Amino acid sequence: MNAQDFQPLPPGKNNIILGIDLGTTNSLAAVMTPGGPRILRDKDGNGMVPSVISFGPDGRATIGSAAKAHAVENPLCTVYSVKRLMGKGMADLREDLRVLPYRVVGDDATRLAAQTQAGKPSTTAGAVAAASSGHADTTTAEGGCATEAGGARPTESREIVRVDINGRLMSPQELSAMILTELRQRAEAALGQEINQAVVTVPAYFDDAQRQATRDAGRIAGLDVKRIVNEPTAATLAYGLDQKQDATVAVYDLGGGTFDISVLRIAGGVCQVLSTHGDTHLGGDDLDREIIDLITGEIRSRFGQNIQFPPSTRQALRSLAEATKVRLSDAEQTTVEIDLGDGRNFQRTITRSEFESLAAKWLDRTIENSRQAVNDAGLSVEQIERVVMVGGCTRIPYVRRRVGEYFGPGKLYTAVNPDEVVALGAAVQAGILSGMKRDLLLLDVTPLSLGIETLGGAMGKLILRNTTLPCQAGELFTTYVDGQTAVDIHVLQGERELVKDCRSLGRFQLRGIPPMPAGAPKIRVTFLIDANGILNVSASEERSGKQAAIQITPSHGLTRQEVDGMIQESYRSAREDMAAHQLIDTRNEAGRILRAVDKALVNAGALLTADQRANLDATVAKLKTLLEGSDADAIYEAVQAVNTAATPLTQAQMDEVLRQTVKGKKVEEF
Ligand code: ADP
Ligand code: MG
């Protein structure tokens, strides 16, 4: 990330509050800027830090992607899913302990170890932090959507669990603190200043002990946790839903190992959790396991039932299965290949529909949970107005389809990256706490025009600037090449005529168009912006019924000044832009006619007289030369000349077609 993305703070005032999504699988940090919340990324553009800590033989901890990679060779010293242990005692964890590969011990063992390891700071730090009882101010309303009605079991004194890595005992708080420290350091590097305050999100069902443990983890990481925010609430904040009309919203969060569904009521800028449901053992990992079972089952039936999969192989399979699942969100099918040694090679193509049938039973469960959450809120599903999609697994098209089917069409919010939306919301809350003004761009009109890239790099506007929301616009497009089966739809925002001067909002592909001659497919592109400023772009090919869509927040990350700047720039460049756009259109027209002439020459070239042919060749050659330059008027004239010179050809071609037709039919058929 560039430090320039952020406006410097007034000197001497270091009040940055980090927004942190401390996830079971992945964690992220974001910060509020004048242009809206932004994810903090490392120099490679990665914002997500896998919530994994790996300990080397020397006891040194590695955090994030590098640690995740270690899990393969070092499963016993790799800690993941530590969020599951937060604020829990051994008795609460029976189910989890069966699946976690590292050792977790209870209080008795801890005391014993503390005696034998007396004086070792690593064990005492956690004990101190975990014992400190703070004040969980989870119900303070403070501007925006800040009120939290969340899990509220009173704090009981529970025994504390520890993770045992080669005899070194660490509390979940300490381990979570390592992830928080990594996020804090990354943020400090990106922003060039020290940070010591944060807003951290937790699941809505977290009880006091779990919230307190999260707060303590923050303290160990050198962060004063200004507010604990419920994850679903953060997601609605990221969409600015609290600033719009009152609404009843469901937040469907399918992460790596957990599923949460919450029903929220947003009224007068205050957000209340009406109900939460879910399954703390349902998520992307289960879908990965389905793929692993499929693969290992087939390997065994092909190469022998006695083939064993040691832990390191299992871990490698897990990574392979996850990659397969992720790929199937974009591709219709993908092939896995495994070298089993001794010349045994396993290869298998998995299709999206096959994956969907494996995923179906898990999805059924999330829908059943959703039904219960809606019931518990005392509502009918029709009363849920919007559904915010959260968690990496909601990128899976099948998940969107099933959730859409249950809640009803047109309610799904997917515009903000589902794995970033909680962190962005935490940053919005952090911004509110530090007194920053909210992004004023959620207006009732579109601040900038919206359109798509058309042939040759021109911006084709569908919705003009200052159109009142909600609004809809559509236009028909076609293909340019014979037999084209896919088209790229590139969604743009801006006032300028050329793609390179506009802002890219997103792209998607419409695939599976049956091969047809260029110009035959009818592709309808529709733009729809709802009252909350969320843009839905869909494309459908009308003959085949193929469809694809994307959802975007068109104003995301632009400040008022930036918008004004873009408009000013468009005024300054209007004349040049028009000329450039005209040149593109003329070139496109020239390309079309040259291809048509080529095709006609193949079919009917022999029907031309020598003079006609020479004349046509000369005009074509001239047009081709002019196309190397950029004189739009000259190209336009040359196109007209080719058109005229080609008339005898089209005429001859038509005569020939007619003659052929007549020859094959009896006169009375006419
Ligand atoms: P958590 O909230 O549990 O920390 P995330 O919201 O980051 O987790 O979700 C992680 C899960 O999302 C993983 O199972 C990961 O494989 C899955 N995931 C991420 N991207 C995709 C994708 N494009 N398609 C399918 N699954 C994805
Ligand atoms: Mg999450």
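1. Two strands are taken to pair if DSSP finds at least two bridges between them. The model is predicted. On that criterion, strand 14 (residues 259–267) and strand 15 are antiparallel partners joined over nine bridges. Within this pair, Ile261 has His277 of strand 15 as its bridge partner.

2. These two strands belong to an open sheet of five strands with mixed pairing, in the order 15-14-13-18-19. Its edges are strand 15 (270–279) and strand 19 (412–413), each of which pairs on one side only.

3. Helix 10 (residues 352–376) lies across strand 13 (247–254), strand 14 and strand 15, and runs at about 140 degrees to strand 15. Helix 11 (residues 397–407) also packs on the sheet, where it touches strand 13, strand 14, strand 18 (386–390) and strand 19. The direction of helix 11 makes about 160 degrees with that of strand 18.

4. Helix 8 (residues 284–303) has 20 residues and spans 28 Å from its first C-alpha to its last, close to the 28 Å expected at 1.5 Å a residue. Its buried residues include Leu287, Ile291, Ile292, Leu294, Ile295 and Ile299, but also Asp286, Asp288 and Glu290. What do the buried residues of helix 8 pack against? Their partners are helix 9 (311–327), strand 16 (333–339), strand 17 (345–351) and helix 10. Just after helix 8, Gly304 adopts a positive phi of about 120 degrees.

5. Helix 5 (residues 172–191) and helix 6 (residues 208–220) have axes that come within 8 Å and cross at roughly 55 degrees. The two helices are therefore oblique to each other, and helix 5 passes helix 6 in a right-handed crossing. On the helix 5 side the contact involves Gln173, Glu174, Ser176, Ala177 and Leu180, which meet Ala213, Asp216, Ala217, Gly218 and Ile220 in helix 6.

6. Strand 20 (residues 450–454) and strand 21 (residues 458–463) run antiparallel and are joined by five bridges. Glu453 stands opposite Met459 of strand 21. The two strands form a hairpin with three residues between them, and Gly456 in the turn has a positive phi of about 85 degrees.

7. Strand 20 also pairs with strand 23 (residues 487–493), in the antiparallel sense over three bridges. Here Ile452 is opposite Val491 in strand 23.

Technical notes:
Residues are numbered from 1 along each chain as its sequence is written. Chains are lettered from A and ligands numbered from 1 in the order in which they are written. This is a predicted model: local features need pLDDT of at least 70, side-chain atom pairs count only at pLDDT 80 or more; totals for chains, interfaces and linings use all residues. Side-chain values use heavy atoms; hydrogens and water are left out. Helices (H or I, at least four residues) and strands (E, at least two) are DSSP runs, numbered from the N terminus. Contact means heavy atoms within 4.5 Å. Axes are lines fitted to C-alpha atoms, for helices over the stretch in contact, and angles run from 0 to 180 degrees between N-to-C directions. The expected span of a helix is 1.5 Å times one less than its number of residues. Buried means under 20% relative accessible area, exposed over 50%, partly exposed in between (1.4 Å probe, protein chains only). Angles under 35 degrees count as roughly parallel, over 145 as roughly antiparallel, 65 to 115 as roughly perpendicular and the rest as oblique. A crossing is left-handed if the near helix is turned anticlockwise from the far one by less than a right angle, and right-handed if clockwise.
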